[in-house]
Every structure is written in C-alpha cells, then in structure tokens.
Amino acid sequence: MYRAPIPVVGLLLIASLATSPVQSEALKDLYFGEALYYAHQGYYFEALERLDTEVSQHNGLDEPELDTLFFHMDDAEFSLGDFELRYRMHHRAGRAITAVLEGAVDEVVRNDAAYRLARIHFQKGQMEDALLALERIDGKIPESIREDIEFLRANVYLAQEKPAESFEVLKRLQGSKSFGGFAAYNLGIAYLQDGQREQAIEQLDRAGRIDTDDPAELAIRDKANLVLGTILLEDGNYDSAMPYLNRVRLDGPFSNQALLSAGWASLSTENYQRAVVPWSILAQREVTDAATQEAMLALPYAYGKLDVHGRAAIHYGQALDAFGAEVDKLNESIESIREGLFLEALVREEIRKDKDWVIRLRALPETPETYYMMELLATHDFQTGLQNYLDLADLRKKLVSWQSSFDAFDDMVDIRHDHYEPLLPEVDTKFRELDSRLRLRREQHKMLVRRRDDLLTTPRPEFLATREELEVLARIEHIEAQLAHASTPYEGALVLRMQRLKGLLTWTLETEYHERLTEFDQNLRTLNEAMAVAQTEYDEFVRSRQAATHSFQGYETPISRLRGRVSEAIQKVDLLMKRQGRQLEIVAIDELMARRGRLENYRDKARFALADSYDRATQAQARSEVQ
Amino acid sequence: MSRLIRTLMLLVLAGGPFATGAAQDISRDDMRSLDGQVQEIKSDVLSIASDLSNLEERLLYPSNTQVALFVAIDDDEDFRLDAVKIEINGELATHHIYSFKELEALQKGGVQRIYTGNVATGDHQLSVTMVGKLKNGTEFNKTDQFSFAKGVEPKALGITLAGPGLGKTGIQLGDW
C-alpha cells in the first residue's frame, strides 16, 4: 500500500542539475559572450540562435584555428547542449553532447560530456542509456561534478528499482555538502525499496535529524520524518509514529500531511483528545488543500468520539458549508477550463515575468481553476506539457512579429530600388569612362616599369634622352643622311661638325645616365603611389556601385521563402498549441473532477454525520434533563 | 463511520494526491509524441531565426558599413553599472539602462551587443560614457574618447567597463 516517494528524488535531482552554463576564464569571442549574455538571463532561444550560427560559421572555416571561437570550441559545444537542454530540446541536446563525447577530446572533457549525456537520459526516463553514459566515465573527473555523478548514479539505480546497487554510493555521499541531506533520505528509500524495513527506519531517522539551515535540506528532512511516521503508522505502531510526525516543521511544505497523520495516529490509539489538537490547527488552514478538507471532516468525528456532539455538529456544519462552496468553485473552474480561460491565463505575460508565477496564478480572481491545481502544476508530466505550451506561445509571438517585418523589408527594398535605379545608368556611363582611362594608365605604367627593369640590366642611355635631345639626335641623323647623298666641297667639314655634335650629345647621355636613371626610378615610384590611390578610389567606386545594387537586388527570393516558412511554422505552432492545450485541459479537468468527486463524497458524509450528531446531542440533552 | 475512517486512512497512506493518475485519458506515448513534435518545431523556428538574422544583417547592415559594439564588465563588487551612453562622431548611437537581470548576466561573463549600425569606411570617433554607483552610494560616471578605423569588412569593437576600484582604466576599447 505504501508507495516510495521516488518522484521526489527525481525532482530534487533535476533541481540540483540547474548549474550555470560553462564559461571560460578569458573570453576571446564576442559572439560566444553574446550567447552567454542571453543564456544568463534565461533567454535560451536567443542564446541558441546566436551560438548555433557562430559554431556553424566556425565549422565552415578553412582555417578555424585563426577564428576567436577556436579557443572556446569545447565550451561552446557543451553550452549548445546545455542551452538545448534548458530549452527542453532533449533530442538535439543529446546529439550535441554525443558529438563532443565521440570527438577527439581529452579525458576531463569526455567525462564531463558523458555526465551531461547521462543527465539527459535520466530526465527523459531512459535509465539504461543513462547508466551506459555513466559507464563511459573513466579516468580524470572534474572536481566540480564528482559528487553530481555519484548522486546521479544512485538515482538511476533507484529509478531502475535496483536499490542494493545504490547503497554504497549513497553511503559515500552522506558527508557531502551539496547532497548529504538528499543522499541520507534516498538511502532510506533505497532500503525500503529493497525490503530492509529496519535499516530503512534507522536511516530515515538519521535523515530526519540532520542539522541544517538550507531550505531544500530542511524540506527533505521533513519529508524523511513524514515518510518514517507514515511507515510506522502503516505498521500499526501508532505511538512510535508520533515523534517523527511531530518533528515535521509546522511551516514546512509537508506540515499539512504531518498534522493529518498525527491526528490519525492518535485516533487509532483512541486518544481522541490528542487527535483534536493537530486537526484543529489543520482545519483552519487553506481550504483547498486536500489534507485540510480531510481534517475538517475528521475533527468533528473526534469530537463525536469525545461525546461532544454539539461541537461536532457545529464543525460538521462548517465542513458542509465549506465543501458545498468548494464544489461550486470546482464546478466553476471546470466550466472555466472548458471555455479556454485556463490556457488564456497561462500565457499572460505579466504573470510569467514573476518567478513565482505559478503561485500567483491562484491569486487571480478570474482564474478560479488554478485553486485546485497547485499540486498538479508541480508534477513533472504536467510541467513538461505546460512548459511546451508556453514555449509554443512564445514561438508564435516571435513568428507573428517576424511576419510583420517582411512587409517592412519589402518597402525598404522598393524604396532603395526607386532611389538607385534611375541614377545607375549615368553612374555606369561615368564608370565606363573612368574604367577605360584607368586601364590605359595601367598599361602605360606597366610599360614604364618594364623599361626601368630593362635599363637596370642593359643600360640604354638613349632611352633616357629628353625630348629636345631626341629631336636634336633625329635632326643630326637626318643631316647625316642628306650629307651622304650630297656632293659639296664642304662635305668633310660638315661631317666633322655633325660628328662633333653627335659626340657631344652621346657624351651628355652617357655621363648623365645614372643620374637620369635614378630620377626616372624616383618618378616611377611617385607614380606607383598615385596609381595605388587611383586603384583604391576605383575599388571603392566598384564597391559602392555593388553596394547600391546589393541593397535592393537579390532579396525577393529569400524574403518570399522566409515568409512562406514563417507562415507554415505559424500553422504548425497553432496546431501543436491546440493539441498541447487540449492535453493540459483534459488533465486539469480530470484532476478537478477527482477533487470534486472526493469533496462530494465528503459532503455526503458530513451531511449524514451532521444529522447523526444533532440526534446524539439532542439525546444527550434529553438524558441530562431526565437525570 | 468506520467506513469513513478506512477511506480516510487509505487516502493518507496512499501518499500524494496524484497517485490516482489524473492523465489516464492521455497515454504517455501521446505526450512523448507531442513533446517530440514541439522539439521539432523549436528546431525549425531556430533555423528560421538564423536565416532571418542573416537576411536582416545583409539588408540593414552590409559588411562594408557594419559596425557592432559589444559591452563587457570587469567583476567589481564595489561598483554597480546603471547605464551606458555611446556616441559615434558626436551623434548618439545608443543609451542603455541596465535591468538587474542584464547586469547579472554581464557580471557572470556575458557580453552585450549594445549597438549595430552603419558607418563609412575611414576613421571615426567613439565616445563612451558609463554611469553607476559605488558601494558607498556615491554616483560615478566616466567618459572616454576613442578613435577607430573602419575598413571594408564588418567592424566589431569590444568595450570593457570597470569601476574605479580595480585600478585599471575605467573604459577600455578592444578590436575584435
């Protein structure tokens, strides 16, 4: 009849897994830092989108070692898995971490990846796979996750109903700062699962006495005491159960259950007076709580046993009124869920900004359905469904906002097109002129460079003659040719004069050759600089021309494709939201109907007991009058 | 009444109120299958988001004019950053006031892309002002001027801010 509270173990583990994303000491990649910035704020969609893009770009590089992400690749791949896990994308998270695990990484990184993979399998309920991943851990283990690994291992054994395998691990973790309280409790549960009732009682007793001021450990201590009290109650050891139930704090999360059980333990030993005490406290608490409702019925029953029928009748009357009001509230709630108000309340942005939004839901007067669902909201399956619904609502919001931005993109492209299109023909005409002039200059420049290089190896002084010298030389050659065919008495003297002039010119060219070559080289260098400036301006012009074209050309297809994908995604999201919402509504209505059924049953019993109490009170009064 | 006691005892010992399995009408397989489909659509939308970002970048911030400014902070318990104002060539580029969550993300090592815009190739002036409070409640603000050169490729500049307690220059600019 007793059910070991294993789900609590699992939930505690999941809570304890919420570690911070990996972070390197010195950040070298801004884009990785940007992804972390979003992740640290809990915006995992944005973090994933940026990191995914960054990692993909890095993987596509020819020389990835020159990229700044290279220094963070291990962290980045881990973080991808982490973010995917936190964004509840277990399939992708598993793949990402498996990829790290199977890559050529060092022992520490591999072990860390194996642990993360095991965690994912555990959360998905795939215990065999979780164990296989844990078995891959070998060699050097990072200190920060050493205990986490052991605690996870123990929980996998417990979830597999192999409690004996978890004993040693849990014993070792007893002294752990982070897991001591949980390990002590889990060891008690493990003994219980293994049928070792005596050891379970001893261990839960130890777990119920741990000295701590940590709220989570205080809660687990209360849980240990409640479970132990309940076991003893089940065994019929009512008196032994009392001290453990009394150990549970009155303001803790298990207080109501403990008060209820304490009342039953006293009642079972026919100590009705003592039973009245915890039930009186409990009957004053939140009326929607199942334990409170039970106490409202149990308290007058105890008064009846004490023969205080008048007071019993008053309390039965109060219970009857309260149950009636609660049944009405539940009817309203069921109706409200059927009308879709529950889902509407869930997606309200102003509520979800608060970290305690689930608790605040019950404070909303227009959402009475949440009054009875606090415990349901806390169950893992419902949480998964609920989170999925909320994620889908967020995705829908994003997609709708993107859809509207496509119209703005279209407008932008049209405006640019209308602006640039008429200007481009004139720009192109000027560009063609500039282009042909620059090409000519480039050819001339190349020829001069070639000539300078030739002169360096084969000196040709006449190549460096000035325009006047070239003219003089041409003239001398022309006169020489004329003299060759002329017959004149002055021929000899004229030839001599020509030779003298030619000699003078040759002398000048030869003696000034090096000086002229140096000057030529210097001029050429200045020209190189001018050519470089001209080339830069040319390139800039080409880029501006391209930018103008690129600012409005080539967008039609990607915009239209994306528009189609977004609209398709909205349809899918709508469908999934409908299905997920329906699931949540069914679960919620089932839960409320079960609670209503129980309350109706209580109400019937209260009505009958009220009449009975009045009869007994009247009879008692009559008897006392006779006496 | 003894039946009532038995019923109540059973409820107590059955443990959680959800032992009755509220979701009997919905199988676990149905839930898993739906969960799988939700994961798939998340993947699809992430891919759309990535393509959309690329398109936006091409359309709004072409690489030859793109400049992106990032802000990181040095861990300094004595200084709380409240706001950052950035001007490029004397024009206000951005003025950001930090929420608690954003500040915490920066303190944990996150880097905020505070501005993406367009500037022409060539040299530009950057003015960064940080405003905050010291541990003793004194207001602290500091402005520094920097210059940077924009080439034809996208420009990413990292601004690191530190309080006066760390003994470093309060605002540092790094090229990335």
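Me: What should the 13 residues of H5(A) span at 1.5 Å a residue, and how far apart are its end C-alpha atoms?

Reply: Helices are DSSP runs (H or I, at least four residues), numbered from the N terminus. The expected span is 1.5 Å times one less than the number of residues. H5(A) should span 18 Å, and its end C-alpha atoms are 18 Å apart, which agrees. This is a predicted model: local features need pLDDT of at least 70, side-chain atom pairs count only at pLDDT 80 or more, and totals for chains, interfaces and linings use all residues. Residues are numbered from 1 along each chain as its sequence is written, while chains are lettered from A and ligands numbered from 1 in the order in which they are written.

Me: Which residues are buried in H5(A)?

Reply: A residue is buried if 20 or more other C-beta atoms, placed from the backbone, lie within 10 Å of its own. In H5(A) these are A:Arg92, A:Ala93, A:Gly94, A:Ala96, A:Ile97 and A:Val100. Their cover includes H4 (73–86) and H6 (107–124) of chain A, together with H2 of chain B.

Me: What covers the buried residues of H2(B)?

Reply: The cover includes H3 (44–59), H5 (90–102), H22 (380–420) and H27 (556–626) of chain A. Among the buried residues of H2(B) are B:Asp35, B:Val38 and B:Leu52.

Me: How many residues does the contact take from chain A and from chain B?

Reply: Two residues are in contact if their C-beta atoms, placed from the backbone, lie within 7 Å. The contact takes 69 residues from chain A and 56 residues from chain B. H27(A) gives the most to the side of chain A that touches chain B, with 17 residues.

How values were computed
A residue is buried if 20 or more other C-beta atoms lie within 10 Å of its own, exposed if 12 or fewer, and partly exposed in between; C-beta atoms are placed from the backbone. Helices (H or I, at least four residues) and strands (E, at least two) are DSSP runs, numbered from the N terminus.
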